[in-house]
Amino acid sequence: MSPTIDPERFLRYGGVAPARALDPRGALEYLTAKGFGDNTLEQSRVALTQYEEREFASATAETCDFCARPLMGGEFDRLGDGRLRCISCSKSAVTSHDEFVALFQEVRRNFEVIFEVRLRVAMTVRMENAKAIARQTTERPRDAPGFDARVLGFARESANGYELYIENGSPRLSSLLTLAHELTHIWQYRSWDRPAILARYGAENELFVDEGMAAWAGLQYLFSTGETDFARREAAAIRARDDEYGVGFRLFEDRYPLRSAGTILKDTPFKRPMPL
């Protein structure tokens, strides 16, 4: 509690004036004198907030290539292609084919329920290393110095249907985010009238619309499935970006505010032929 706070504001909750018999300022002075002002509990709350802000900020030292947390000492794994993975991410890393198949099926089921869509199309889904992913996208590889907030894969149309690639060795939460992001692209390929989209937004803005919606959908998927802490960290990172992911995401978040777990999504870009 801070002496600068007007205690009567709390007592007027609902628009009702405080009873005349109450002395809120006198009560505040009494509690402050007894140590309920700048006490250990308040100091702990301030310290926790400052710690979380530091954790969300871009790191300058070596960081985990998946969660952006600073790496301490030798407590991390260096993957064969140069990526660094903290112990926490290593514990949930998706390493086997069976794990990956099960996770993909889980995400597709949840994706269809959350966004009320159908994705019954032929898909080839593969795990690849970071350099192979980077060669086929505009992203720089994950073994580049520093942390890059980005999805860990890509999707594309092919002669046999659709292809979805995800980086191998990714932790479970990163894989969830990536799969939801790329499933959004497949939905876009299947559902959008591309000439109409280009006519509405312009070819120069196509990536902002495509990637902005996919970034929004990936984070909304995490919030809808209860992965709130990771979703907040990823949302903070992508809001700070100035590329098509960050700018596009901010446009979609303004139009469709992210909802927490258990909230029905009454309006989403999946329900509109023109998403913005």
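## Salt bridges: the count

How many salt bridges does the count come to? The answer is 13 salt bridges. Keep in mind that this is a predicted model. As background, side chains of opposite charge can pair when their charged atoms come close.

## The overall picture

Before going further into the pairs, here is the protein as a whole. Its secondary structure comes to 11 helices and 5 strands. There are 276 residues, and 42% of them count as buried.

## Where α10 meets α11

Now to a pair of helices. Helix α10 runs over residues 228-239 and helix α11 over residues 244-255. The two pack at an angle of about 115 degrees, and their axes are 8 Å apart. That angle makes α10 roughly perpendicular to α11, because the range for that label is 65 to 115 degrees.

Which residues in α10 and α11 meet? From α10 come Ala235, Ile238 and Arg239. On the α11 side, they meet Tyr245, Gly246, Phe249, Arg250 and Glu253.

Two of those residues also pair up by charge. Glu253 forms a salt bridge with Arg239, and the closest N and O atoms are 2.7 Å apart. This pair links distant parts of the chain, with Glu253 in helix α11 and Arg239 in helix α10, 14 residues apart. Is Glu253 buried or exposed? Glu253 is buried, at a relative accessible area of 17%, because the cut-off for buried is under 20%. Arg239, at 37%, is partly exposed.

Asp77 and Arg85 make another salt bridge through their side chains, at 4.0 Å from N to O. Arg85 is buried, with a relative accessible area of 10%, whereas Asp77 is partly exposed at 30%.

Then there is Asp267, which forms a salt bridge with Arg272. Here the closest N and O atoms are 3.2 Å apart. Asp267 has 30% relative accessibility, so it counts as partly exposed, and Arg272 counts as partly exposed too, at 33%.

## Following the chain past α11

Arg259 has its place in the segment after α11. Its relative accessibility is 41%, so Arg259 counts as partly exposed.

Which residues does Arg259 touch, leaving out those up to four places away in sequence? They are Gln220, Phe223, Ser224 and Leu265. Ser224 is 35 residues from Arg259 along the chain, yet the C-alpha atoms of these two are separated by 7.1 Å.

## Tyr189 in α7

Tyr189 lies in helix α7, which covers residues 172-191. At 27% relative accessibility, Tyr189 counts as partly exposed.

Its contacts, not counting residues up to four places away in sequence, are Ala155, Arg156, Glu157 and Tyr162. Take Tyr162: it is 27 residues from Tyr189 in sequence, and the C-alpha to C-alpha distance between the two tyrosines is 9.0 Å.

## A loop residue with a positive phi

What is the phi of Glu116? It is about 55 degrees, so a positive value, although Glu116 is not a glycine. Glu116 lies in the loop between α5 (97-115) and β3 (123-128). With 56% relative accessibility, Glu116 counts as exposed, because the exposed label applies over 50%.

## A nonpolar patch on the surface

Tyr30, Leu31 and Phe36 form a nonpolar patch on the surface. Together, these three residues have about 310 Å² of accessible area.

Leu31 is the member to look up in helix α2, which spans residues 24-33. Why does Leu31 count as partly exposed? Its relative accessibility is 30%, and the partly exposed class lies between the cut-offs of under 20% for buried and over 50% for exposed.

Terms used:
Residues are numbered from 1 along each chain as its sequence is written. This is a predicted model: local features need pLDDT of at least 70, side-chain atom pairs count only at pLDDT 80 or more; totals for chains, interfaces and linings use all residues. Side-chain values use heavy atoms; hydrogens and water are left out. Patches are made of residues with over 30% relative accessible area and no salt bridge: like charges are joined within 9 Å, nonpolar side chains (Val, Leu, Ile, Met, Phe, Trp, Tyr) within 5 Å. Accessible areas come from the Shrake-Rupley method with a 1.4 Å probe; for residues, only the protein chains shown count as cover. Helices (H or I, at least four residues) and strands (E, at least two) are DSSP runs, numbered from the N terminus. Buried means under 20% relative accessible area, exposed over 50%, partly exposed in between (1.4 Å probe, protein chains only). Axes are lines fitted to C-alpha atoms, for helices over the stretch in contact, and angles run from 0 to 180 degrees between N-to-C directions. Angles under 35 degrees count as roughly parallel, over 145 as roughly antiparallel, 65 to 115 as roughly perpendicular and the rest as oblique. Contact means heavy atoms within 4.5 Å.
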